[in-house]
Amino acid sequence: MQIAVLGLNHGYTFAKQIKEMKGLTLAAVAGNNAAAMERANELEVPLYQDYKKLIDQCQLDGVIITLPNHLHKEAVKYCADQGLHCLVEKPIADTTDAAREMIDYCEQKQVMLMVGHHRRFSEKINHLKQLLASDIIGELVGVNMVWALAKDRNYYKEAWRIKASGGPLLINGIHDLDNLLYVTNLKIESAYAIACNKIRGFEVEDAVTAILEASDGTVIHYFLTDGVPSPWSYEFNVMENPIYHFYEEDCYHFFGTKGSLAFPSFRCFRYSEDQYGWKHALKEERFTLEAPGDPITAELEHFEAVLKGDISPRVTGEEGLKTLEILEAINLSVQEKRKVSLRSE
Ligand SMILES: NC(=O)c1ccc[n+]([C@@H]2O[C@H](COP(=O)([O-])OP(=O)(O)OC[C@H]3O[C@@H](n4cnc5c(N)ncnc54)[C@H](O)[C@@H]3O)[C@@H](O)[C@H]2O)c1
């Protein structure tokens, strides 16, 4: 299978792994800055400054799109015109309108569209999903999720990241919201959120707090910031990417009628039936998972099987859109200072 990677920052992770995989060949890469040039040299593959030229000139079976969010729609449609199946990074697009257009276009052109929510391939996330489904904490009542860290100051030099189509909610928050939907199967019905930009003063948020309500009455609280030194975030706690320091902390807490579960420690607190209530001691158990694999590798192997026609994408365009709808509702709530309904009347 001949693959091209468009974008060579996050895309570099894919490109390096593809070089190591038996079933995939890295045919070419696209990037338009000095780092991309250096990386393409190191990968020993042709570099195209204009990704459209790459699509026009290379014989490909599939394309991985890791361009800035606002370019996802244009790139997916360009690939679809050539009959090429795509793995597009999350968020599927910068707006839900763009995402809908991409999904419909791919369907019309009969190409497969997969969205890069790679944490759905994380063994820890899948373990969490199984535990929640297994009833160990009973019926879910509430969820608390935190994503708080400080990014490098250089990070904000990339102009698209501080405009409305970038920002920590769209770049990072989308992961946590997708995890929430995936592990709980909840249907979110409304969002109320407040944001501030008191740290950097950019167009996009520095911090957001959101309250979500699910159709079964479950309530969710989510706090996100990328401008505060803190050890509580998926990246720092789950240990799936070696570039980050590890802190043995929890970033998600799930509260049920029978007990509570923390992630990723998988510490679970419950009472026994005959000693229930706050005057008794909670029993602590750990549902640890040993030696989980790398979710990006699993995602690539899945994409390879999709290209071979063995399976259909596990994270479809519709799934990517569902997650983006929540994010858009959060943004609308921030702008209009009101609770936003996601219920389709
Ligand atoms: N799944 C994850 O964990 C994860 C992590 C990081 C980024 N991402 C996603 O990947 C995408 C890219 O993010 P990033 O941080 O790598 O962005 P970036 O701005 O750092 O890099 C973008 C890359 O695209 C190239 N590029 C930009 N415009 C181009 C054009 N017109 N033609 C050819 N090349 C072009 C640049 O040269 C660069 O190599 C975003 O959608 C982001 O949300 C996902």
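User: How many aromatic pairs does the structure hold?

Analyst: This is a predicted model, in which local features need pLDDT of at least 70 and side-chain atom pairs count only at pLDDT 80 or more, while totals for chains, interfaces and linings use all residues. Residues are numbered from 1 along each chain as its sequence is written, and side-chain values use heavy atoms, with hydrogens and water left out. Rings of Phe, Tyr and Trp (its six-membered ring) pair if their centres lie within 6.5 Å, and planes under 30 degrees apart count as stacked, over 60 as edge-to-face and the rest as tilted. By that rule the structure holds 10 aromatic pairs. One of them is edge-to-face, because the rings of Y155 and Y156 have centres 5.4 Å apart and planes at 75°.

User: What kind of pair do the rings of Y234 and Y252 make, and why?

Analyst: With ring centres 6.4 Å apart and planes at 40°, Y234 and Y252 form a pair that is tilted. Helices (H or I, at least four residues) and strands (E, at least two) are DSSP runs, numbered from the N terminus. Y234 lies in helix α8 (residues 234–238) and Y252 in strand β11 (residues 252–256), so the pair ties together parts that are 18 residues apart in sequence. These two tyrosines also belong to one aromatic cluster, formed by Y234, Y252, F254, F263 and F266.

User: Is Y234 buried or exposed?

Analyst: Buried means under 20% relative accessible area, exposed over 50%, and partly exposed in between (1.4 Å probe, protein chains only). Y234 is buried, because its relative accessible area is 2%, and Y252 is likewise counted as buried, at 1%.

User: Which residues have the most contacts inside the largest nonpolar core?

Analyst: In soluble globular proteins, nonpolar side chains tend to be buried together. A nonpolar core is a set of buried Ala, Val, Leu, Ile, Met, Phe, Trp, Tyr and Cys residues joined through side-chain atoms within 4.5 Å. Here the largest such core has 103 residues, and those with the most contacts inside it are L54, I65, F254, F263 and I330. The largest share of this core comes from α7, with 8 residues. Contact means heavy atoms within 4.5 Å, and L54, leaving aside its neighbours within four places in sequence, is in contact with A4, L6, A28, V29, A30, Y48 and L60.

User: Which residues of helix α1 are buried?

Analyst: An α-helix has 3.6 residues a turn, so residues three or four places apart point the same way. In helix α1 (residues 10–20), the buried residues are G11, Y12, F14, A15, Q17 and I18. They pack against several elements, among them β1 (2–6), β2 (25–30) and α9 (295–307).

User: Where is the cis peptide bond that involves P264?

Analyst: That bond joins F263 and P264, with omega about 5°, and P264 is found in the loop between β12 (259–263) and β13 (267–270). Another peptide bond, from K90 to P91, is also cis, with omega near -10°, and P91 lies in the loop between β5 and α5 (96–109).

User: What is the phi of N185, and where does the residue sit?

Analyst: N185 has a phi near 60°, a positive value in a residue other than glycine, and the residue is placed in the loop between α7 and β8. N185 counts as exposed because its relative accessible area is 62%.
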